[in-house]
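Here are a few notes to read with the picture open. Take them one at a time and find each part as you go.

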Amino acid sequence: MTGLRYVYAVCRPLGAPLQAQLTGIGGAPPALLAHRGLVAVVSTVPEADFCEEGLKAHLEDLDWLAATARAHQGVIDALTTVTTPLPLRLATVFRDDSGVRSMMEARETDFLHALDRLEGRVEWGVKVFTEPPPEPATDERARTAATGDKSDKPMSGRDYLRRRRADTRAHEADLQAAESFADALHQRLGAHAEASRLHPPQSASLSGARGRNVLNAAYLVPRNRSEEFVELVDRTKDEAGGLRVELTGPWAAYSFSGFAEEDARHGASAGEGR
Amino acid sequence: MTTPAPRSSGFADPYGHNSGANLADILERVLDKGVVIAGDIRINLLDIELLTIKLRLIVASVDKAKEMGIDWWETDPALSSRARRDELTRDNAELRERLARLEELEPGRARKEAP
């Protein structure tokens with residue numbers, strides 16, 4: 001079977017070798033492809049999976065996508081322990097090494113600029129969730145109202161509706177409190193980071209998390225100040241009162257890769273492919 | 001066709017990194033962030049643009065998408081898993097077969113009951 005070259009990341013020459021047991025997509029070991037002052041981290045992937053047709057079919061398959069995304073992230077994650085990688089978007093594929101080299105040469109200035117900017121920095125993800133609303137209590141009241149339970153004062157339909165409105169208002173107030181906590185936290189963490197990005201809230205269907213996601217943010221923090229940042233996040237967990245603060249990382253600086261963001265915003269990336 | 005070997009323990013364990021990251025965290029980064037380069041397989045970009053839009057709707061709050069009046073993904077077969085589609089196809093085939101058998105068994109009754 002013919003193979004294609006899959007590129008995970010571009011970085012400066014590594015000070016240490018990759019972990020020997022490291023595997024990338026399809027279990028293939030990643031290799032380093034040096035060109036001038038840059039190194040591309042690549043592995044061979046089956047052409048059947050990453051040719052136009054194969055990829056198109058696979059991208060509709062969430063299980064394949066999840067496994068591929070995890071393998072991609074696994075390599076990036078290993079790289080962050082030894083260098084500051086510039087992560088490429090999933091499924092960046094070339095016919096052969098010379099294609100990868102030409103790409104590195106064509107984008108050399110962009111890569112070097114972004115690598116300088118991100119050198120020694122990592123990304124931390126912070127999310128805030130509301131705890132799930134206390135549904136059972138509402139159900140109990142509704143049941144009491146419906147059956148006219150004698151142990152309690154029977155509730156009229158009007159009382160029931162009034163109670164329901166009060167519950168709704170309380171829920172909205174909780175949500176508002178959660179959002180202002182999230183805003184304040186974002187301000188505070190932003191002041192301890194070099195840059196920050198707000199991502200759209202995650203839905204529970206994919207994240208599997210409980211409650212409503214009211215903050216989903218990324219922070220760019222120098223590696224040597226990360227301990228301090230993590231402690232700061234830990235302290236806010238105690239002040240969150242009924243809210244859940246989750247920290248992920250350290251990630252490679254995905255959300256701060258700079259020129260890619262500009263490209264995407266101006267639609268230049270789509271044009272580039274045609 | 002080769003499928004990447006699933007790693008039961010996830011990517012995190014070998015490196016002791018990111019133990020709190022879920023699939024949504026990973027997908028929103030590897031698909032939506034990172035450097036965009038046109039590779040030799042040119043279809044990538046357009047396909048991933050579309051996929052990213054779809055995934056953004058899954059990853060991003062469904063409530064928010066609905067608030068914005070976006071609900072086409074609810075009927076998009078691409079967003080339901082392949083297994084589910086297969087199951088539906090199987091169910092359909094089985095039902096059609098049973099219907100055909102029933103019609104064969106009771107042709108008289110079916111005709112009588114028809115108006």
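1. Start with chain B: from the N terminus on, its elements run α-α-α-α-α. That is five helices and zero strands. Here helices (H or I, at least four residues) and strands (E, at least two) are DSSP runs, numbered from the N terminus. Of the 115 residues of chain B, 25% count as buried, meaning that 20 or more other C-beta atoms, placed from the backbone, lie within 10 Å of the residue's own.

2. Before going on, a word on the source: this is a predicted model, where local features need pLDDT of at least 70, side-chain atom pairs count only at pLDDT 80 or more, and totals for chains, interfaces and linings use all residues. Residues are numbered from 1 along each chain as its sequence is written, while chains are lettered from A and ligands numbered from 1 in the order in which they are written.

3. Now chain A. Strand 2 (residues 31-35) and strand 3 (residues 38-46) of chain A run antiparallel, joined by five bridges; DSSP has to find at least two for strands to pair. Opposite Leu33(A) you'll find Ala40(A), in strand 3 of chain A. This hairpin has two residues between the strands, and Arg36(A) takes a positive phi near 50 degrees in it.

Terms used
Buried ≥ 20, exposed ≤ 12 C-beta atoms within 10 Å, placed from the backbone.
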